[in-house]
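Here is a protein model to explore together. Take a moment to look it over, and then we will walk through it step by step.

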Amino acid sequence: MEDKPPYVAFFGVMGATSAMVFSALGAAYGTAKSGTGIAAMSVMRPELIMKSIIPVVMAGIIAIYGLVVAVLVGNGISPDTYTLYKSFLDLGAGLSVGLSGLAAGFAIGIVGDAGVRGTAQQPRLFVGMILILIFAEVLGLYGLIVALILTTKNPGK
């Protein structure tokens with residue numbers, strides 16, 4: 001058994017933490033920003049409230065990406081087989097999904113807020129808002145894909 005430094009699990013734990021914290025921050029911002037837009041829009045057009053929930057749902061999905069990676073990283077940490085190399089991979093995975101989720105959440109929040117307010121005045125904006133939201137959501141998905149690649153890398157013996 002090789003000598004491992006005592007901090008070997010630190011980077012993996014920080015990866016799991018980063019995945020969850022940053023993606024939850026992005027999801028919370030997207031939900032809050034879109035929610036204020038929905039509240040302002042619902043004063044004029046209360047019949048559009050359920051149609052305008054889409055940005056809030058999309059923001060919530062960002063947090064799920066972070067949760068998936070945090071669980072994968074957390075389950076991979078073991079005192080016997082965990083190496084420094086694997087912990088660095090896990091840190092990279094957590095930062096990848098977390099920071100891309102933060103960026104996606106910000107984009108979803110801003111687009112959702114402006115989109116639902118605009119849709120209340122001009123209903124033809126709805127399809128364009130959905131397309132822009134999809135492009136914002138895919139930013140978080142890119143981070144998830146990279147994180148999954150990093151967490152499934154086998155460091156070998």
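**A walk through the model**

Phe-10 has a relative accessible area of 47%, so Phe-10 is partly exposed (buried means under 20% relative accessible area, exposed over 50%, and partly exposed in between, with a 1.4 Å probe and protein chains only). Before we go further, please note that this is a predicted model: local features need pLDDT of at least 70, side-chain atom pairs count only at pLDDT 80 or more, and totals for chains, interfaces and linings use all residues. Residues are numbered from 1 along each chain as its sequence is written, and side-chain values use heavy atoms, with hydrogens and water left out.

Now back to the rings. A pair of aromatic rings is described by the distance of the centres and the angle of the planes. The structure holds four aromatic pairs (rings of Phe, Tyr and Trp, the last by its six-membered ring, pair if their centres lie within 6.5 Å; planes under 30 degrees apart count as stacked, over 60 as edge-to-face and the rest as tilted). One of them joins Phe-10 and Phe-11 edge-to-face, at 5.4 Å centre to centre and 75 degrees between the planes.

Next, look inside. The largest nonpolar core has 27 residues (such a core is a set of buried Ala, Val, Leu, Ile, Met, Phe, Trp, Tyr and Cys residues joined through side-chain atoms within 4.5 Å). Ile-62, Val-69, Val-97, Ile-108, Met-129 and Leu-133 touch the most other members. At least two residues of this core come from each of helix 1 (8–44), helix 2 (54–76), helix 3 (84–121) and helix 4 (125–151); helices (H or I, at least four residues) and strands (E, at least two) are DSSP runs, numbered from the N terminus. Helix 2 gives the most, with eight residues. Leaving aside neighbours within four places in sequence, Met-129 is in contact with Val-111, Gly-112, Gly-115, Val-116 and Thr-119, where contact means heavy atoms within 4.5 Å.

Our last stop is Thr-151, which lies in helix 4. Why does Thr-151 count as buried? Because its relative accessibility is 13%. Leaving aside neighbours within four places in sequence, the residues in contact with Thr-151 are Leu-72, Val-73, Lys-86, Asp-90 and Ala-93.
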